[in-house]
Amino acid sequence: MADPDPLPRLWSATELRNDPTAGTLRTVLDWCVRYLVAPHPELGRSGAVCPYTAPALRRDLLYLAELPGVTDVPRISAAVDALRDRYQRAVATMPDDEAELLTYLLVLPDVDRTDPGPLDALQARVKDEFVTEGLMVGQFHPYCPNPGLWNEDFRPLRSPVPLLAVRRMLVFDLPFLTGSARHFDAWVSRFAGHLPARVRSQLSHRVVAG
């Protein structure tokens, strides 16, 4: 007998808004609406904290899944693999304008919020495979130390509940991928020859600075 799918149901934002029993998933969705789609005085630039969340919500392309009671890395890792596979199957059926907005959030309410090191390590470990497949994976939790791109004193990836986010790699993800030659090569192979002026400027600056 095959092992059961380690990933639970994916809920759309619309489904969660209409379900008064959604609990933690509704908490995360409310955080997306209050925080990710809004500007922030410490962000260091104009616009929303995450410029992709609002259009994803408008087109109902933000989905959330929850793993309650799960704290061990192997089970979380299996769920992340299943999430990636399900994501790839979904985007294969979508037009590009929808695929670029499709976002999956894996909510991990029982991961130790005071010791998120294992979650950070898991994200760092799986990022190579995700990036190679043209995907981005990011970790969010209450103590996430990752600084903002425009203000190093701002911590944009802090969320009320630990979670991992998956979406398609976009041309403007370049600043998140320059710390690894493998990640940078994956970005170049996907986007070389189709670079907007702002991205060309960023790339030139980083090459010269390096």
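Predicted model: local features only at pLDDT ≥ 70, side-chain atom pairs only at ≥ 80, totals over all residues.
Figure 1. If you take the contacts with a separation of 6 or more, 68% come from residues 24 or more positions apart.

**Figure 2. The largest nonpolar core, a set of 30 residues.** Val-80, Tyr-104, Leu-106 and Leu-108 are the residues with the most contacts inside this core. Who supplies at least two residues each? Helix 4, strand 3 (103-107), helix 6, strand 4 and strand 5 all do. Helix 4 gives the most, with 8 residues. A second, separate core has 22 residues, including Val-28, Leu-29, Leu-105 and Phe-140. As background, nonpolar side chains in soluble globular proteins tend to be buried together.

**Figure 3. Zooming in on Tyr-104 and the residues around it.** Tyr-104 is one of the residues with the most contacts inside the largest core. Leaving aside residues up to four places away in sequence, what does Tyr-104 touch? Its partners are Leu-10, Tyr-63, Leu-83, Arg-86, Tyr-87, Ala-90, Leu-164, Ala-165 and Val-166.

**Figure 4. A salt-bridge network built from Asp-81, Arg-84, Asp-85, Glu-129 and Glu-133.** Within this group, Arg-84 pairs with Glu-129, and their closest N and O atoms are 3.3 Å apart. The Arg-84–Glu-129 pair links distant parts of the chain: Arg-84 sits in helix 4 (residues 73-91) and Glu-129 in helix 6 (residues 117-132), 45 residues apart. Are the two partners buried or partly exposed? Arg-84 is buried, at 7% relative accessible area, whereas Glu-129 comes out as partly exposed at 39%. In general, side chains of opposite charge can pair when their charged atoms come close.

**Figure 5. The salt bridge between Arg-59 and Glu-98.** Here the closest N and O atoms are 3.8 Å apart, and the cut-off for calling a pair a salt bridge is 4 Å. Arg-59 belongs to the loop between helix 3 (53-58) and strand 2 (62-66), while Glu-98 belongs to helix 5 (residues 96-99), so to speak a link between distant parts of the chain, 39 residues apart. Both ends are partly exposed: Arg-59 has a relative accessible area of 40% and Glu-98 has 26%.

**Figure 6. Asp-60, a residue with a positive phi.** Look at the loop between helix 3 and strand 2 to find Asp-60. Its phi is about 55 degrees, even though Asp-60 is not a glycine. Most residues other than glycine have a negative phi. Asp-60 is partly exposed, with 24% relative accessible area.

**Figure 7. Asp-173 and Arg-167, paired in a salt bridge.** The N to O distance for this pair is 2.7 Å. Buried or exposed, where do the two side chains fall? Asp-173 is buried, with a relative accessible area of 1%, and Arg-167 also counts as buried, at 16%. This pair belongs to a structure that holds 11 salt bridges.

**Figure 8. A nonpolar patch on the surface, made of Leu-149, Trp-150 and Phe-176.** Together these three residues have about 320 Å² of accessible area. Trp-150 comes from the loop between strand 4 (135-140) and strand 5 (163-168). With 48% relative accessibility, Trp-150 counts as partly exposed.

**Figure 9. Cysteines in a structure with 0 disulfides.** Cys-144, for its part, is buried, with a relative accessible area of 0%.

Terms used
Residues numbered from 1 in each chain as written. Heavy atoms only, no water. Salt bridge = Lys/Arg side-chain N within 4 Å of Asp/Glu carboxyl O. Helix = DSSP H or I, 4+ residues; strand = E, 2+ residues; numbered from the N terminus. Buried < 20%, exposed > 50% of the residue type's maximum accessible area, 1.4 Å probe, protein only. Patch = residues over 30% accessible without salt bridge, like charges linked within 9 Å, V, L, I, M, F, W, Y side chains within 5 Å. Areas by Shrake-Rupley, 256 points an atom, 1.4 Å probe, with all protein chains shown as cover. Core = buried A, V, L, I, M, F, W, Y, C linked by side-chain atoms within 4.5 Å. Contact = heavy atoms within 4.5 Å. Disulfide = S-S within 2.5 Å.
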